[in-house]
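Here is a short briefing on one protein model and its ligand. Please keep the sequence and the structure in view while you read.

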Amino acid sequence: MKKYLGIIGDPIEHSLSPIMHNAALEKQKLDYIYLPFQVTPDNLKDALKGFKALNIVGVNVTIPYKVAVMSYLDQISEEAALIGAINTIHLKDGKWIGYNTDGIGFLRSLREDGGTDPEGLRVLLFGAGGAARAVAVQLGLSKAKEIVIANRTRKRGEDLAKELGGKISTTSFRAVGFTPGELKEEMKKAQIIVNATPVGMKSITQKELPLKLEWFRPEHLVVELVYRPLKTPLLKMARSAGASILSGEGMLLYQGAEAYKIWTGMEPPIEVMRRAILDQLKK
Ligand code: NDP
């Protein structure tokens, strides 16, 4: 019997996940279809109930339900509990199990596309929202030496650093604000710089991330989470200073690949998925 996979969110029409997953399912000739579901907040609980009845066995969860969905699940993975959000659910033996593959997706992008293992390295992480939490937790679990959280709202960054510092003992966590003096100093110490804010998307200019060209060094690896556009102003600036760069499509790709493995038990064809995403992003 055909099985169904999907993604829930609101809005959902711009999601690249259906194209990416269906390309992989087709390549591997698996009898699944992946569908986008626009679900309004008052229908979230009923939607999950309906999924069970309809043999929808795996679902990605995106904005605004990554936290809200947690209260309807039977079990939550250790990583997802640490991150405090879910992006993948799997119906197994009649139970919904929640995972978060964003962090591992980020890590695979760093390792497989960036050739960098974060163990023992210092990271300057911009942002303290959901994506930054996933990145910080995964970097912590991977034994990064230090993670410095730079957030526009300093207090939020400080709260996150304190929380994760209390939960992950292998990494030290600190927070700084967006002041040029602090950022210049942190750029000197960091080996990996990650943007986990929406700055760089078409509507938000680079001015809102106060970094200067002369602070970048060729030893830096600069990682974007934004993937529309593929080459953000931050990546262009880093590249022109000779730094290595990674664009946000890598994390999108590998978080999807990890979800696919959970649902199907198969290693997906990564390059087929990557091509499907890039074809859309380059349009
Ligand atoms: P959240 O809304 O949870 O967090 C946003 C963060 O960005 C906050 O720290 C916020 O700071 C900061 N921020 C927002 N606007 C600005 C601004 N104008 N200037 C400076 N800082 C700003 O969003 P997410 O964490 O879910 O997503 C962040 C980005 O990561 C998005 O662009 C999203 O598309 C991308 N993403 C990419 C993924 C991928 O697979 N590549 C996966 C998940 C997310 P403050 O606390 O001050 O409000």
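Buried means under 20% relative accessible area, exposed means over 50%, and partly exposed lies in between (1.4 Å probe, protein chains only). By that rule Gln-255 is buried, because its relative accessibility is 7%. This is a predicted model: local features need pLDDT of at least 70, side-chain atom pairs count only at pLDDT 80 or more, and totals for chains, interfaces and linings use all residues. Residues are numbered from 1 along each chain as its sequence is written, and side-chain values use heavy atoms, with hydrogens and water left out.

**Ligand site**

- The ligand is surrounded by 23 residues, where a residue counts as near if one of its heavy atoms lies within 4 Å.
- The closest are Ala-131, Asn-151, Thr-153, Arg-156 and Glu-208.
- By class, this shell holds 13 nonpolar, seven polar and three charged residues. Ala, Val, Leu, Ile, Met, Phe, Trp, Tyr, Cys and Pro count as nonpolar, Asp, Glu, Lys and Arg as charged, and the others, Gly among them, as polar.
- Thr-153 places a side-chain N or O atom 2.5 Å from a ligand oxygen.
- Glu-208 has a polar side-chain atom 2.5 Å from a ligand nitrogen.
- At Ala-131 a backbone N or O atom lies 2.8 Å from a ligand oxygen.
- On its own the ligand has 920 Å² of accessible area, and the protein covers 80% of that. Areas come from the Shrake-Rupley method with a 1.4 Å probe; for residues, only the protein chains shown count as cover.
- Two or more shell residues come from each of α5 (130-141) and α9 (249-264). Helices (H or I, at least four residues) and strands (E, at least two) are DSSP runs, numbered from the N terminus.

**Gln-255**

- Gln-255 sits in helix α9.
- Its side chain reaches the backbone oxygen of Leu-252 at 2.8 Å.
- Beyond neighbours within four places in sequence, Gln-255 contacts Met-20, Asn-60, Asn-87, Thr-101, Asp-102 and Gly-105. Contact means heavy atoms within 4.5 Å.

**Aromatic pairs**

- There are three aromatic pairs. Rings of Phe, Tyr and Trp (its six-membered ring) pair if their centres lie within 6.5 Å; planes under 30 degrees apart count as stacked, over 60 as edge-to-face and the rest as tilted.
- Tyr-34 and Trp-263 make a tilted pair, 6.0 Å centre to centre with 50° between the planes.
- Tyr-34 is in strand β2 (residues 32-38) and Trp-263 in helix α9, so this pair ties together parts 229 residues apart in sequence.
- Tyr-34 is buried at 1% relative accessible area, and Trp-263 is buried at 5%.
- Phe-37 and Phe-51 are also tilted, at 5.1 Å and 45°.
- Phe-37 lies in strand β2 and Phe-51 in helix α2 (residues 44-53), 14 residues apart.

**Backbone exceptions**

- Most residues other than glycine have a negative phi, and most peptide bonds are trans.
- Ile-63 and Pro-64 are joined by a cis peptide bond, with omega about 10°. Pro-64 is in the loop between β3 (56-61) and β4 (75-76).
- Arg-228 and Pro-229 are joined by a cis bond too, with omega about 5°.
- Asn-55 is not a glycine, yet has a positive phi of about 65°. Asn-55 is partly exposed, at 23%.
- Lys-143 also has a positive phi of about 65°. Lys-143 is partly exposed, at 44%.

Methods: Polar contact = N/O pair within 3.5 Å; in protein donor to acceptor, adjacent residues only side chain to side chain.
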